[in-house]
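Let's take a walk through this structure together.

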Amino acid sequence: MVSNHMKSLAAFGALALSATFATQSSALEDVTFGTNWLAQAEHGGFYQSVADGTYEACGLNVTVAPGGPQVNNRALMLAGKIEFHMGGNMLQPFSAAEQNIPVVVLASMFQKEPQVLISHPDQGFDTWESLKGAKLFLGENGFQSYYKWMIAEHGFTVEQREPYTFNAAPFLADKKSAQQGYITSEPFAIEREGGFKPNLFLLADYGFDTYSTTIEAMQATIDAKPEIVKCFIDGSILGWVNYLYGDNAAANEMIKKDNPDITDEQIAFSIETMKEFGIVDSGDSETMGIGAMTDARQKSFYDKMVAAGVTPADLDISKIYTLDFINKGVGVELKKKLTGM
């Protein structure tokens with residue numbers, strides 16, 4: 001049950017949002033947001049705004065459509081079947097720009113990419129620098145993206161890499177190894193399967209400064225429905241504030257309904273980890289609002305990917321994102337009320 005106190009705080013955000021749309025029709029606009037994986041706490045802010053009525057307050061009936069191994073929600077957005085999509089990091093938009101696909105990143109719900117390297121404690125691999133001597137279990141996507149940056153900027157080597165099959169058993173068996181993972185996910189399983197707390201090295205803290213868990217739309221959607229875009233972005237920002245700092249019970253129930261395999265323990269671990277490491281709310285988002293992006297940081301990451309040979313050097317990245325719907329301090333006051341700070 002959502003407490004009356006939390007309902008009033010959610011209403012605070014909803015009223016601020018609905019004021020902008022007070023003149024619109026009372027009929028709700030149906031909107032679909034496709035995620036890029038199964039429902040989880042890392043999607044919690046979007047579920048929150050469905051659960052507490054924040055999207056509805058400004059006229060949207062939002063359906064969160066989970067992704068998964070057999071689901072390609074990005075293709076549905078490209079085909080005009082859904083309005084919004086959850087992007088991973090900025091590499092996909094760079095690729096879209098290379099192919100002249102008019103995908104636009106509207107906001108970044110994660111200030112830090114959750115990608116992490118995980119090592120055994122007290123085995124000589126307790127620092128970032130020492131990982132250059134470890135066997136590294138990496139998947140192909142990671143090997144072709146962030147690991148190229150690690151080679152170019154930090155001196156890691158191709159020879160260290162071993163293929164990662166998304167099974168922690170080889171890592172658990174070899175104490176002189178490290179493996180990739182998401183900081184909100186794999187460490188939880190490793191602690192339980194291995195019986196130890198692993199070392200965690202968040203790539204974002206060592207310079208891999210991509211934005212992550214983005215909201216994407218087609219340029220045609222932005223041009224045709226700017227008020228709907230604004231409502232969805234503002235509503236998502238408020239949803240993340242309420243999910244992290246307010247009563248998220250109803251949102252978590254929705255997540256478990258969409259993904260029956262997820263546990264309360266996993267959800268709690270993910271939420272606490274997102275807070276501890278500043279995944280959603282840190283840096284620019286603390287003053288500009290969750291979802292914040294800047295031109296300087298977009299250029300920084302693009303330049304790093306060019307230097308690492310991941311991305312072509314001739315892209316006009318100004319076309320693949322917009323700052324028009326963010327950086328306005330949405331949710332900052334709500335966070336103060338929820339946290340008392």
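Leaving aside its neighbours within four places in sequence, Ser177 is in contact with Ile118, Ser119, His120, Lys135, Phe137, Pro170 and Phe171. Please keep in mind that this is a predicted model. Is Ser177 buried or exposed? Its relative accessibility is 0%, so Ser177 counts as buried. The side chain of Ser177 also has a polar atom that lies 2.6 Å from the backbone oxygen of Asp174.

Ser177 belongs to strand β8, and β8 is part of an open sheet of 5 strands. Reading across the sheet, the order is β7-β6-β8-β5-β9, and the pairing is mixed. Which strands stand at the edges? They are β7 (161-163) and β9 (199-202); each has a single partner strand, so one side of each is left without a neighbour in the sheet. From one strand to the next, the twist averages 30°.

Let's look at one pair of strands inside this sheet. Strand β5, residues 115-119, pairs with strand β8, residues 177-182, in the antiparallel sense over 5 bridges.

Next, bring the helices into view. Helix α7 (residues 146-154) lies across β5, β6 (135-138) and β8, and runs at about 150° to β6. Helix α9 (residues 186-194) packs on the sheet too, where it touches β5, β8 and β9. The direction of α9 makes about 130° with that of β8.

Our last stop is a covalent link. How many disulfides does the model contain? The count comes to 1 disulfide. Cys58 and Cys231 form it, with their sulfur atoms 1.4 Å apart; the cut-off for calling a disulfide is sulfur atoms within 2.5 Å. The torsion about the S-S bond of Cys58 and Cys231 is about 50°, so the disulfide is right-handed. This pair links distant parts of the chain, as the two cysteines are 173 residues apart. You will find Cys58 in the loop between α3 (54-57) and β2 (60-65), while Cys231 sits in helix α11 (residues 226-245).

How values were computed:
Residues numbered from 1 in each chain as written. Predicted model: local features only at pLDDT ≥ 70, side-chain atom pairs only at ≥ 80, totals over all residues. Heavy atoms only, no water. Pairing = 2+ DSSP bridges. Helix = DSSP H or I, 4+ residues; strand = E, 2+ residues; numbered from the N terminus. Axes fitted to C-alpha atoms, helices over the stretch in contact; angles between N-to-C directions. Contact = heavy atoms within 4.5 Å. Buried < 20%, exposed > 50% of the residue type's maximum accessible area, 1.4 Å probe, protein only. Polar contact = N/O pair within 3.5 Å; in protein donor to acceptor, adjacent residues only side chain to side chain.
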